[in-house]
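User: Hi! I'm new to reading protein models. Could you walk me through this one?
Analyst: Happy to, let's have a look together.

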Amino acid sequence: MASAKNCSTNKPPKVLIAEPSTPRSGISYLKEHGCQVIELEKATEDEVLKHIAEVDALLLAPPLKLTNKILDAAGCNMKTVATVSAGYNHIDIDELRKRGIKLGNTPRVLDAAVADHAVMLALAAARRLHEGRLKIENNEWKSDYQWMLGQDICNSTVGIIGLGNIGQAIAKRMKGFDIKQILYTGHREKPEGKELGAKFVSLDTLARDSDFVIISVPLTKETEGMCNEEFFSKMKKTSVFVNISRGQVVDQPALIKALKTNSIFAAGLDVMTPEPLPPDHEMLKLPNLVLTPHIGSATTNTRNEMSLLAAKNILKGLAGEEMIYPVV
Ligand SMILES: O=CC(=O)O
């Protein structure tokens, strides 16, 4: 990739790295390609505001929101933004469009890691991982053949909400467990669904017929609160619910009720509201809920790849070229 130039001044372009934990892979790549980088020590709006006027591009990551205050303070050269994430619900893309600012994200490189995580949560919830650990800690281990019985994945029906790249990667992995069928729902039937032997169904049918429901849709106005009380009431008592997308897709109080009343069997969540979840939150007291702290893509290689991809998006944007994964 060619080195970047700030067209209006011929000086090296400045890139603000708003997330201090951004892996070095991307930062080194930007430097090697002629960028000057400013690295923040804290990912806060106030810190971004101190530098945004002087930079040509911004590299950020959720949960930092790209607010209008930041955009208003940006100089007229700041036309390139990259997020080190697949999701971009922390950014108002209509606002970027209006201002002529390009945004790139980092999908695909995280599909495998996130799909692995979804499968792990499905297995952990189905086989009562959290509850089992609590039993040991509380000296409640029993030798009883009817004790701590879980749910099988083999011969089960797996319902995937959102058969995008991550959803497809989940489907491929679940097929390795000798399941009966994969159902999926979304905007429309997809050729990839056919290739996977998955059946396109309505949300209602998916809730009713699935033994595992796995959420892998982006958070949009349409998907917000999609898994609500009515949805959970349709699920089987023996079903397992998994979410690796965004917490807001789920009406969390409705999920908590379903878990407390055992109207569903168990859940595994990598995403929740709020994040971070306070340590005294009632969800942490539910034995049939497995929680992880939004680490679906958190493997060393995946995070390095995400950082590098975000840097490549920045360089493309600065060069006036189409980003590798353009959002706007
Ligand atoms: O949640 C993680 C991402 O959107 O990349």
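**Domains and overall picture**

Analyst: The UniProt annotation "domain: D-isomer specific 2-hydroxyacid dehydrogenase NAD-binding", from an unreviewed entry, covers residues 119-296. UniProt positions are given in the numbering used here, feature names are shortened, and annotations may be inferred rather than shown by experiment. This is a predicted model, where local features need pLDDT of at least 70, side-chain atom pairs count only at pLDDT 80 or more, and totals for chains, interfaces and linings use all residues. Residues are numbered from 1 along each chain as its sequence is written, and side-chain values use heavy atoms, with hydrogens and water left out.

User: What is the chain like over residues 119-296?
Analyst: That stretch is 31% helix and 15% strand, and its end C-alpha atoms are 11 Å apart. Helices (H or I, at least four residues) and strands (E, at least two) are DSSP runs, numbered from the N terminus.

User: Which residues does UniProt list for the "catalytic" domain?
Analyst: The unreviewed entry gives residues 15-327 for "domain: D-isomer specific 2-hydroxyacid dehydrogenase catalytic". Over residues 15-327, the chain is 35% helix and 14% strand.

User: How many helices and strands does the protein have?
Analyst: There are twelve helices and twelve strands. The radius of gyration is 22 Å, close to the 20 Å that the globule rule gives for 328 residues, so the protein is as compact as a globular protein of that length. That radius is taken over C-alpha atoms, and the rule is 2.2 Å times the number of residues to the power 0.38.

User: New topic: what share of the residues is buried?
Analyst: Buried residues make up 49% of the 328. Buried means under 20% relative accessible area, with a 1.4 Å probe and protein chains only.

User: Which residues are buried in helix H7?
Analyst: In H7, residues 165-175, the buried ones are Ile166, Gly167, Gln168, Ala169, Ile170, Ala171 and Met174. They pack against several elements, including helix H5 (111-126), strand E6 (157-161) and strand E7 (181-185).

User: And where is threonine 80 found?
Analyst: Threonine 80 is in strand E4, residues 80-83. With 2% relative accessibility, threonine 80 counts as buried.

User: What is threonine 80 in contact with?
Analyst: Leaving aside neighbours within four places in sequence, the contacts of threonine 80 include Asp56, Ala57, Leu58, Ile101, Asn313 and Met323. Contact means heavy atoms within 4.5 Å.

Key. Buried means under 20% relative accessible area, exposed over 50%, partly exposed in between (1.4 Å probe, protein chains only).
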